[in-house]
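Student: Please walk me through this one, question by question.

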Amino acid sequence: MITIESLTKRYGTHLAVDDVTFTARTGRITGFLGPNGAGKSTSMRVMVGLTRPTSGTALIDGRRFADLPNPGLDVGVLLDASAQHAGRTGREVLSIAARTMGLPRGRVDEMLAAVGLTVDESERRVRNYSLGMRQRLGIAAALIGDPHVLILDEPANGLDPAGIRWMRDMLRGYADRGGTVLLSSHLLHEIEVVADDIVVIGNGRIVAQGTKEELLAAAGTLVRARDLPALATALTHAGIANNLGGDTLRTDASPETVGDVALRAGVALTELRAADGAGLEEMFLELTAASQRDGHASAEGQAA
Amino acid sequence: MSTTTIERPAATATPVVREAIPTARLMGVELQKMFDTRAGFWLITGGAIASLVATIATILFDPHNAMDYGDFASAVGIPLTIVLPIMGILNVTSEWSQRTGLSTFTMVPHRGRVIVAKLVTTLFVGAVSIAFALVVGALGNLVGSAIAGISPRWDLGVGQMLLILLADGLGMLMGFTLGVLIRNSAGAIVGYFVYALVLPGIFGALAAYQDWFARLQGWIDFQFSSTRLYDAHLTGTDWAHLGVSGLIWLVIPLLVGLRLTMRSEVK
């Protein structure tokens, strides 16, 4: 379990992480979602002891990361798959990790097989690896110590569709066996398909968090009709708050209630459905747009 | 696409008592890291090849009647005075320049321990390399003397060998210091060459024209005072020069660099 409490990180006048509190629970995949530069990477760096927080705490199973005697055996970390010595072979990278953690040499071959890197590929230098191969190597390095917590920053970057599918299945199985997974992404869809819990961060602050069901259920109902303004008036008369935007109308009422109101008002519906994640998506789009207005270049810089 | 799954079940969250990573293991890992990269491999191979070339050159060009062990030892040692400091530099800077620090310092979230392991392995590799150079020099002396038809002269005492070891060790430490201070491979290597090749010229010229500097040089020019170690006859003043200039050029920058290393972010 990862417990983040009132975590704040300030660089000069810039607040990279602003009073962030959340928990990544055991046996679940927690998606850490936010646009580039929102503070995901900085939060993760604090969790693994690479960056000192200005205030607040990040604990793994109740302990500071730096207090873990041999962290690799408890926590698998992948922050940046490109952060490997270009002149070292993939096998050497894993061999160094295995040796540092005190694992038998055979573990290297096991992990290479597990992430689908061939013997030939493992003997190439990382310089010649594609981003997808680097991600696989990074995952192998994170899993080599058989940890029960995984912290992965944008692990799907550079993976082909089959690779993304493979990673998704791997993480699912891992969490189902009782592991804790925290993975970040700037892509809503990626988080939506794999996560049990979602934490949304924007400009260093948490803007939403909860189980995926909670966040998606909050979205309400989406309606299209021939005479949308008439439906809006009927809903307002029935005391149901609604939001008319373009050719769709959104409301927090259930599709059933909306259907009843439409029938009584004699408005023909052309579409009526639960607005799956539309609320989340809108919120996320707003966040992304906001951070782009703030200057995309600086946002990118923070993400690095 | 692999269909292999991760077989091992993730451990339950029950606390397990774990052993801390032993320091000897960290040193072993750092030693492995010095040689398993292309840069590390060619540095040490290049150093060894250069030692052999220097030996052959000494046999070919040294006047046969004057050939002695000191000639071989110093010829073989010259490539090492360049290779060893660069190894000292890369050992530290690659964690930042190649960004491997991201995984190194997460596997071992105590930078002090990693840096000490690096320092010890750097000095160990330095000592082994110099021992290697002295052996190659000895073989060269035997072969060279046999070719020249003279009996080999062993003019290098144990004391002198230790002084050479100290001088090369200080050079390597200087590289290490620049590494922790600059934490960028290219920057630190350029810094070293400025220190080793450019500064002596400037200081030398200054000493030649300014009397006051000539008197001071021993105290403030570390390169100058550590080169005296190769001369074998050091006075008490020479040692004092070495100590004071070493404090300025080596000890203080090293302490500053270590402090920066502890706090700097690995991006």
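Questions on the model

Student: What is the phi of the residue that follows helix 6 of chain B?
Tutor: Helices (H or I, at least four residues) and strands (E, at least two) are DSSP runs, numbered from the N terminus. Helix 6 of chain B is followed by B:Arg183. The phi of B:Arg183 is positive, near 55 degrees.

Student: What pLDDT do local features need here?
Tutor: Residues are numbered from 1 along each chain as its sequence is written, while chains are lettered from A and ligands numbered from 1 in the order in which they are written. This is a predicted model, where totals for chains, interfaces and linings use all residues, side-chain atom pairs count only at pLDDT 80 or more, and local features need pLDDT of at least 70.

Student: How far does helix 6 of chain B reach?
Tutor: Helix 6 covers residues 158-182 of chain B, 25 residues. The expected span is 1.5 Å times one less than the number of residues, and here that gives 36 Å. From first C-alpha to last, helix 6 of chain B is close to that, reaching 36 Å.

Student: How many helices does chain B have?
Tutor: From the N terminus on, the elements of chain B run α-α-α-α-α-α-α-α-α-α. Chain B has zero strands, and its helices number 10.

Student: In chain A, what is the strand order of the open sheet?
Tutor: Two strands pair if DSSP finds at least two bridges between them. Strand 6 (75-78) and strand 10 (205-211) of chain A are the edge strands, each pairing on one side only. The pairing in this sheet of six strands is mixed, and the order is 6-7-8-3-9-10.

Student: Which residue in strand 7 of chain A is the bridge partner of A:Val77?
Tutor: Strand 6 and strand 7 of chain A run parallel and are joined by four bridges. Strand 7 also pairs with strand 8 of chain A in the parallel sense, over five bridges. The partner of A:Val77 is A:Ile151.

Student: Which helix gives the most to the side of chain A that touches chain B?
Tutor: Two residues are in contact if their C-beta atoms, placed from the backbone, lie within 7 Å. The contact between the chains takes 48 residues from chain A and 40 from chain B. Among the elements that give two or more residues to the chain A side are helix 3 (106-115) and helix 5 (131-143) of chain A. The one that gives the most, with six residues, is helix 2 of chain A.
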